[in-house]
Amino acid sequence: MSDVFGARDYRPAQYVAEPQLLVFGSTANREVLLKLKPGAIAEIEGAYGRFSYENYDNPNQIWVAGGIGITPFLSMAESLKAQSPQIDLYYCVNTDTEFVDFANLSKLVQLHPPEFRAIPFVVDKQGCTSS
């Protein structure tokens with residue numbers, strides 16, 4: 001399945017017995033993020049009405065979706081332009097049957113290589129951490 005998404009043997013993180021969190025942030029949060037130490041606890045909040053890749057100047061973006069939460073990302077991916085940023089979309093589900101609009105996502109990846117990549121993560125196949 002990962003070949004369909006344009007990624008091969010690429011995982012969002014290595015999963016171990018203890019919970020881990022990989023944090024990505026804007027330049028506004030750079031000072032705070034640089035002070036984080038291994039094992040730190042962080043809370044991640046949403047985009048609050050600015051949910052568009054066009055609202056950010058970052059040439060490289062990471063999108064993370066789970067289950068039905070893929071729908072706004074599909075909408076954004078459908079609006080990608082020729083000069084879009086490099087986007088890696090991590091799409092996480094519990095089982096293969098939970099993928100939403102998989103065919104459309106695959107088509108979007110094929111329409112926008114190499115700018116848009118989708119990296120699937122299926123908990124039943126790849127495991128997860130407890131929280």
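This report covers the sheet, the salt bridges and the aromatic pairs of one predicted model.

**Sheet and helices**

Strand 1 and strand 2 (residues 86–93) run parallel and are joined by 7 bridges. Within this pairing, Ala 65 stands opposite Tyr 91 of strand 2.

**Salt bridges**

Side chains of opposite charge can pair when their charged atoms come close. The count here comes to 3 salt bridges.

| Residues | N to O distance |
|---|---|
| Glu 54 and Lys 81 | 2.2 Å |
| Arg 117 and Asp 88 | 2.9 Å |
| Lys 125 and Asp 96 | 2.6 Å |

Take the salt bridge of Glu 54 and Lys 81, at 2.2 Å. Glu 54 lies in the loop between helix 1 (30–35) and strand 1, and Lys 81 in the loop between helix 2 and strand 2, so the pair ties together parts that are 27 residues apart in sequence. Glu 54 is partly exposed, at 43% relative accessible area.

Next come Arg 117 and Asp 88, whose side chains meet at 2.9 Å. Arg 117 counts as partly exposed, with 23% relative accessibility. Asp 88 is buried, with a relative accessible area of 12%.

Then there is the salt bridge of Lys 125 and Asp 96, at 2.6 Å. Lys 125 lies in helix 4 (residues 123–126) and Asp 96 in the loop between strand 2 and helix 3, so the parts tied together are 29 residues apart in sequence. Lys 125 is exposed, with a relative accessible area of 57%. Asp 96 is partly exposed, at 30%.

**Aromatic pairs**

A pair of aromatic rings is described by the distance of the centres and the angle of the planes. The model has 5 aromatic pairs. One of them joins Tyr 53 and Trp 63, at 6.3 Å centre to centre. The angle between the planes is 40 degrees, and the pair is tilted. Tyr 53 lies in the loop between helix 1 and strand 1 and Trp 63 in strand 1, so the pair ties together parts that are 10 residues apart in sequence. Both Tyr 53 and Trp 63 are buried.

Trp 63 also pairs with Phe 116. The ring centres of Trp 63 and Phe 116 lie 6.1 Å apart with the planes at 55 degrees, so the pair is tilted. This pair links distant parts of the chain: Trp 63 is in strand 1 and Phe 116 in strand 3, 53 residues apart. Both Trp 63 and Phe 116 are buried.

Tyr 53, Trp 63 and Phe 116 belong to one aromatic cluster together with Phe 73.

Notes:
Residues are numbered from 1 along each chain as its sequence is written. This is a predicted model: local features need pLDDT of at least 70, side-chain atom pairs count only at pLDDT 80 or more; totals for chains, interfaces and linings use all residues. Side-chain values use heavy atoms; hydrogens and water are left out. Two strands pair if DSSP finds at least two bridges between them. Helices (H or I, at least four residues) and strands (E, at least two) are DSSP runs, numbered from the N terminus. A salt bridge is a side-chain nitrogen of Lys or Arg within 4 Å of a carboxyl oxygen of Asp or Glu. Buried means under 20% relative accessible area, exposed over 50%, partly exposed in between (1.4 Å probe, protein chains only). Rings of Phe, Tyr and Trp (its six-membered ring) pair if their centres lie within 6.5 Å; planes under 30 degrees apart count as stacked, over 60 as edge-to-face and the rest as tilted.
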